[in-house]
Amino acid sequence: MTLSTLPLGSHAASGVIELSQITDTHLFASIDGDLLGVPTWHSCRAVVNAMKEEMTGCDGILATGDLSQDQSALSYRHFVAMMAELAPPVFWLPGNHDEAPVMQAELDAAGISQAKHLLGEHWQVLLLDSQAQGETCGRLSNGQLAMLDEAIDTYPHHHLLVAVHHQAVPVGCAWLDQHNLRNADVLQSRLERHCASKVVLCGHVHQGFDEVRQGIRYLASPSTCIQFKPLSDEFALDHTAPGWRQLSLYPDGRLSTRVWRLPPDAFVPDFSARGY
């Protein structure tokens with residue numbers, strides 16, 4: 001397998017790469033479609049408006065899956081229209097709710113890059129598809145793992161950020177962690193042999209998470225719509241507002257990051273909901 005690589009530049013004279021992550025938008029064909037009481041187009045619209053105010057010198061946006069809830073072509077067009085308002089290029093991968101062929105057709109038609117390997121002077125970013133057809137959990141295919149091997153072998157001294165939809169380590173929510181990345185141990189073993197900094201960034205869990213395990217930093221980020229309550233064994237929604245994540249990748253391998261959120265009590269979900 002040969003990586004399809006796209007250069008990733010930096011606006012900063014210091015060589016710091018600035019990225020933003022947007023995830024789990026769960027859009028519908030109707031702009032008034034709601035997920036557990038939250039109108040997802042309107043909440044995403046508010047997040048994008050806030051991003052426009054806060055993003056300066058951003059080099060790329062990583063859209064890490066579950067962009068649609070109803071798998072409709074129109075839902076992806078809504079996503080494309082909002083991303084067009086943000087200046088940086090957008091890179092994407094599917095989540096378990098996405099209809100990958102429809103997603104790719106619509107994003108291709110809009111001119112959004114299919115590139116899954118982004119190469120800077122000191123960092124590389126690899127977007128891996130963990131969608132397991134017909135399942136809520138995730139799995140990296142042999143082809144995706146081959147891409148990871150190629151990135152590590154070809155650029156052994158580049159720091160590595162892997163973006164994937166499903167969580168590769170438990171986040172402490174029993175009901176969510178049963179829908180994890182099934183072969184996360186394989187991903188971890190591959191990453192452990194990489195000699196530079198390594199970070200795994202995911203969506204799927206609708207909450208912020210930041211933990212280092214065996215030298216690998218694992219990050220998860222809030223959804224632009226509903227949030228799941230952290231450390232809950234049973235399904236539970238959270239009061240925290242929709243948001244997104246900003247990341248700064250430094251030439252020496254350091255990564256600093258911040259989760260941004262809308263004001264408190266923005267887009268309150270239906271707390272009587274019993275399932276997702």
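## Ground rules

The model is predicted, so local features need pLDDT of at least 70 and side-chain atom pairs count only at pLDDT 80 or more, while totals for chains, interfaces and linings use all residues. Residues are numbered from 1 along each chain as its sequence is written, and side-chain values use heavy atoms, with hydrogens and water left out.

Helices (H or I, at least four residues) and strands (E, at least two) are DSSP runs, numbered from the N terminus.

## The sheet

Let's start with the strands. An open sheet of 7 strands runs in the order S1-S7-S8-S9-S10-S12-S11, with mixed pairing; two strands pair if DSSP finds at least two bridges between them. Strand S1 (5-7) and strand S11 (209-213) stand at the edges with a single partner strand each, so one side of each has no neighbour in the sheet.

Zoom in on S10 and S12: they pair in the parallel sense over 4 bridges. Valine 199 stands opposite arginine 217 in S12.

## Helix H4 and the cores

H4 lies across strand S7 (117-119), S8 and S9, and runs at about 175 degrees to S8. For such angles, axes are lines fitted to C-alpha atoms, for helices over the stretch in contact, and the angles run from 0 to 180 degrees between N-to-C directions.

A nonpolar core is a set of buried Ala, Val, Leu, Ile, Met, Phe, Trp, Tyr and Cys residues joined through side-chain atoms within 4.5 Å. Buried means under 20% relative accessible area, exposed over 50%, and partly exposed in between (1.4 Å probe, protein chains only). The largest core here has 39 residues, and Leu126, Leu148 and Leu191 are among those with the most contacts inside it. H4 gives this core its largest share, 5 residues. Leucine 191 touches Leu148, Leu160, Val162, Lys198, Val200 and Ile216, leaving aside residues up to four places away in sequence; contact means heavy atoms within 4.5 Å. There's also a second, separate core of 29 residues, which includes Cys44, Ala50, Val80 and Leu86.

Now for H3 (residues 100-109), where Met103, Glu106 and Leu107 are buried. Seen down the helix axis, the buried residues of H3 fall within an arc of 95 degrees, so they line one face; that arc is taken from the directions from the axis to the C-beta atoms. An α-helix has 3.6 residues a turn, so residues three or four places apart point the same way.

The buried residues of H3 pack against helix H2 (73-83) and strand S6 (90-92). On the other side of H3, Pro101 and Ala109 are exposed.
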